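Please open the model in your viewer and keep the selection tool at hand. The stops below say what to select next and what is there.

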Amino acid sequence: MGKIEVLVVAPGYPTQMAVLAERYQLHRYDLADQADKQQIIKSHGEAIRAVITTGGGGFSESLLDQLPKLEIVACGSVGFDSICVEECIKRGVAVTNTPDVLTNDVADMALMLTLATVRRLVPGMDWVRQGKWQQDGPIQLNTRIEGKRMGIIGLGRIGKAIAKRAESFGMEISYFGRRPQADVSYPYFSNLKEMANNVDILVAAVPGGSETQGMITREVLEALGEQGYFINIARGSVVDEQALVALLEAGGIKGAGLDVFVDEPNVPEALSTLDNVVLQPHCASGTHETRAAMAQLVVDNLAAHFNQKPLLTPVG
Ligand code: 8YV
């Protein structure tokens, strides 16, 4: 019997990709140009039983339609908003993701963005590098972290890891979510605008997708106010990005630390000139250790599936 055929829509960490390449017949859709992509589907679409992808790579219903024998989509990300999960499940196709293994790295990024934005790390570095220290003397003062009120939107695994870190910096935590949580003592807000009005730093840690699309509106950001900071390690889609940029330009909020954007890798032009933002290229989970652990979950979920064992981290 030949190897099980797997479509690679987006790859994972190289070590695990090598393991997959040994076990399965991989079709590198990710490396193919448009014509080759069509050829792969034409020649192998009927035989493909698994798809490997990531949040960035996604998986569309139109591709699903062309894979009649598909059994599993193994997504190498925790977020699966770019994957047609509902349609997969309706058709009996399993979907897996990679929770937990990236939680600490993503929470670290949230804190790094918070500290860097509030303490103005990048302007400070420019001050040194551009010789302004010698020329103009000390840089302007910035703002203390200790005692700041941080409001976390979405107190899931990542939100809780952010809260724990922020607490150790002396911040006061509150949170907004669908419902209050029994296992935490942080103040809960059922109204996002009200929370924004009562915090200094607003952090987005909710999953992407239709339920959270645009939930951080202009009004919410205005409620955060001129002294407020916005941090996003969730998805660009959760915030009204145009309003965010306009408010950053006009001083409607004080600063923002952003790892995610609406149309990645395209970032609004204005953000490249503003000095009150800290930007990262969607890399909160981007450490060797974590990306390897995420890819290992892809390997293990596929192995479980094809050995008729329970999936490790199923979605839905
Ligand atoms: C990655 C992520 O950027 O897991 C997620 O949902 O957004 C990130 O960890 C990426 O999707 C990993 O390939």
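The tour goes from the domains to the sheet, then to a helix, the ligand and some single residues.

Before selecting anything, note that this is a predicted model, in which local features need pLDDT of at least 70 and side-chain atom pairs count only at pLDDT 80 or more, while totals for chains, interfaces and linings use all residues. Residues are numbered from 1 along each chain as its sequence is written.

**The domains**

Begin by colouring residues 5–97 together with 289–315 as domain 1, and residues 102–279 as domain 2; these bounds come from an automatic or database domain assignment. The C-alpha centres of domain 1 and domain 2 are 33 Å apart.

Next, select the open sheet, whose 7 strands are arranged in the order 8-7-6-9-10-11-12 with parallel pairing. Helices (H or I, at least four residues) and strands (E, at least two) are DSSP runs, numbered from the N terminus, and two strands pair if DSSP finds at least two bridges between them. At the edges are strand 8 (188–189) and strand 12, each of which pairs on one side only.

Now select residues 103–118, the 16 residues of helix 5, and compare the distance between the end C-alpha atoms, 23 Å, with the 22 Å that the helix should span at 1.5 Å a residue, which agrees; the expected span is 1.5 Å times one less than the number of residues. Among the buried residues of helix 5 are Asp-105, Met-109, Leu-113 and Thr-117, a residue being buried if 20 or more other C-beta atoms lie within 10 Å of its own, exposed if 12 or fewer, and partly exposed in between, with C-beta atoms placed from the backbone. The elements against which the buried residues of helix 5 pack include helix 8 (157–168), strand 9 (201–204) and helix 12 (288–306).

Move on to Arg-120, in the loop between helix 5 and helix 6 (121–129). Arg-120 has a positive phi of about 55° although it is not a glycine, and it counts as buried because it has 21 C-beta neighbours inside 10 Å.

**The ligand**

Select the ligand and then the residues around it, including Thr-54, Gly-76, Leu-102, His-282 and Ser-285; a residue is near a molecule or strand if its C-beta atom, placed from the backbone, lies within 6 Å of it. The shell around the ligand divides into 2 nonpolar, 8 polar and no charged residues, where Ala, Val, Leu, Ile, Met, Phe, Trp, Tyr, Cys and Pro count as nonpolar, Asp, Glu, Lys and Arg as charged, and the others, Gly among them, as polar.

Trp-127, in helix 6, counts as partly exposed because it has 18 C-beta neighbours inside 10 Å. Not counting residues up to four places away in sequence, Trp-127 touches Lys-132, Trp-133 and Ile-139.

In the loop between strand 11 and strand 12, select Pro-265, which is joined to Glu-264 by a cis peptide bond with omega of about 5°.

Finally, go to Gln-308, in the segment after helix 12. Gln-308 has a positive phi of about 55° although it is not a glycine, and it counts as exposed because it has 6 C-beta neighbours inside 10 Å.

Technical notes:
Contact = placed C-beta atoms within 7 Å.
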